[in-house]
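Biologist: Pick out the sheet part of this one and take me through it closely, please. Once that's done, carry on to whatever else is worth a look.

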Amino acid sequence: MLESLKIVLGKDPHYADYGLIERLCEPERQIIFRVPWMDDDNNIRVNRGFRVQFNSALGPYKGGLRFHPSVNLGIIKFLGFEQIFKNSLTGLPIGGGKGGSDFDPKGKSEGEIMRFCQSFMTELWRHIGEYRDVPAGDIGVGGREIGYLFGQYRRLVNQHESGVLTGKGLTWGGSLVRTEATGFGTVYFTDEMMKANGDSLDGAQVIVSGSGNVAIYAIKKAQELGATVVGFSDSSGWVETPHGVDVELLREVKEQRRGRVSEYAEEASGATFHSDGSIWDLKADVALPCATQNELNGDHARALVDNGVRYVAEGANMPSTAEAIEVFRERNIGFGPGKAANAGGVATSALEMQQNASRDSWSFDYTDDRLHKIMSNIFTVTKNTAEEYDRAGDYVIGANIAGFKKVADAMLAQGVI
C-alpha cells in the first residue's frame, strides 16, 4: 500500500499534510478481551477475542469476525487495514475494521459453539452498534455463529437492533444474495477484467482454491457464465474436476455434512482427489484463490503462468504473497487484488444494513443486480485510476490509490482526529 502511495504523493503532495499517512496506519481503537466458556465436559476454557476499529472516516467500522486458531492481533490488524480501502472502493458509507478469536469451531459441539459465541458477545456488545461498528462473518463464522452472536446481543441490549450484525438469517433481518455475494462478486470482477482485455469467461477453464462459502459461489457463478471449473481444494488436499463441478453435491458435502473434499471426489463422476501436490499445478485460463491469506506464493505463481493462466482474481483476503503478485506483474497477468475483487461480500453487507435501516427486504434479482453494478463500478474505478497515474493495467496500483484517496479526502476534511 505504501509503495502505491509514493506514486500519489508525487502527483498530489497535499496527501502528506497533517500526518495523514501516519494517522491512517494507526488504528483508531484496538480491543483485546478474555473469552471464558465451558465445554461439554464442564471444563473451563479460555480464548482471546479481538476487535480492531481501524478507520471510521467514511462510516461505521465494518468488517468480519474470524474464529480460527491462527488468529492474533497482527492478523486482525492487517485484515482491518485492508478492509478500510476495500470498503472505500464499494462507494458505500462504511469504515474499516476486523475482529475475531483464536477459538477453533472445528470439532466443537453445537452447545460449545453457542456458549463460546455468547461469552464472546458478552464482552464485544459494548463496543459495537449499527452507527458505531457492524461486524459480519469470516473464516469460522457463518450463519450459525452469527445467529448465536446476534441472539446474545439482543438479550444484552434489550432491543432488536438488526443493523448491528450482517450475514443474518433471512427471517430475522438478513439479505438475499449475502451468502453468495463474495464468490459472485469475485467472478463479476473477473468477467469485467477479462472483457476489458478482449477475453471472456465463456469457455474458459478456471481453478478455484478452497471449498467454503466464497469458493462454492465463485464456482457456481463461473459455471453459470460458461466457464468450466477444473479444480477446487480444502486443507486436506484438492480435487481435479476436468468436466466441471457439481455445485449442489459440493454444497451438500461442505455445508450440510461439514465434510472434506475427498468425500466429494468419492461421489462425483470424473473427479479425482489428491492429497499431495498443489492445485496451482493445474492447467487453466483463470485462477481464483478463495481460501486464506498467503496461500499462493511465488513458485505457485510461476507454475500458474507456465500452465497458461492469464487472469488471477483474489476471492480470499490477500491470498497472494508479495512475491506472487510481482510474478503476475512481470508476466503481464491480469490480476485483481482482494480489496477490489472480493469486495462483493462487504458491499452486500452494506446493502443488508440499508435494508435493515429502512425496514425493507429486497428480492434476490434486485440485490444481485445491485451487487453486479457495484463490482462493475469497482473495476472501472480501479482501471481508470491506474491509467490516471500512468500504470495502465496495474489493478493493484489502481485499487490501492482509488481506495486511499476517498478515505484520505474524508480524513483531511474532518481535521486532525
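**The sheets, then a helix and a pocket**

Modeller: Start with the open sheet of seven strands, which runs S9-S8-S7-S6-S10-S11-S12 with mixed pairing; strands here are DSSP E runs of at least two residues, helices are H or I runs of at least four, both numbered from the N terminus, and two strands pair if DSSP finds at least two bridges between them. The edges belong to S9 (272-274) and S12 (334-336): each has a single partner strand, so one side of each is left without a neighbour in the sheet. From one strand to the next, the twist averages 15° (axes are lines fitted to C-alpha atoms, for helices over the stretch in contact, with angles from 0 to 180 degrees between N-to-C directions).

Bear in mind that this is a predicted model, with local features needing pLDDT of at least 70 and side-chain atom pairs counting only at pLDDT 80 or more, while totals for chains, interfaces and linings use all residues. Numbering starts from 1 along each chain as its sequence is written, and side-chain values use heavy atoms, leaving out hydrogens and water.

Val-206 sits opposite Val-229 in S7.

There's also an open sheet of five strands, ordered S1-S2-S4-S3-S5, again mixed in pairing. S1 (29-38) and S5 (133-137) are its edge strands, each with a single partner strand, so one side of each has no neighbour in the sheet. Neighbouring strands are turned by 20° against each other on average, direction ignored. S2 (44-55) and S4 (96-101) run antiparallel, with six bridges between them, and Gly-49 faces Ser-101 in S4.

Now the helix. Thr-348 belongs to H13 (344-358) and counts as buried because its relative accessibility is 0% (buried is under 20%, exposed over 50%, partly exposed in between, with a 1.4 Å probe and protein chains only). Leaving aside residues up to four places away in sequence, Thr-348 touches Ser-175, Leu-176, Val-177, Arg-178, Ala-181, Thr-367 and Leu-371, where contact means heavy atoms within 4.5 Å.

Last stop, a pocket. H1 (2-11), H3 (73-89), H11 (322-330) and H15 (395-413) each supply at least two residues to the lining of the second largest pocket. By class, that lining has twelve nonpolar, five polar and seven charged residues (Ala, Val, Leu, Ile, Met, Phe, Trp, Tyr, Cys and Pro are nonpolar, Asp, Glu, Lys and Arg charged, and the others, Gly among them, polar).
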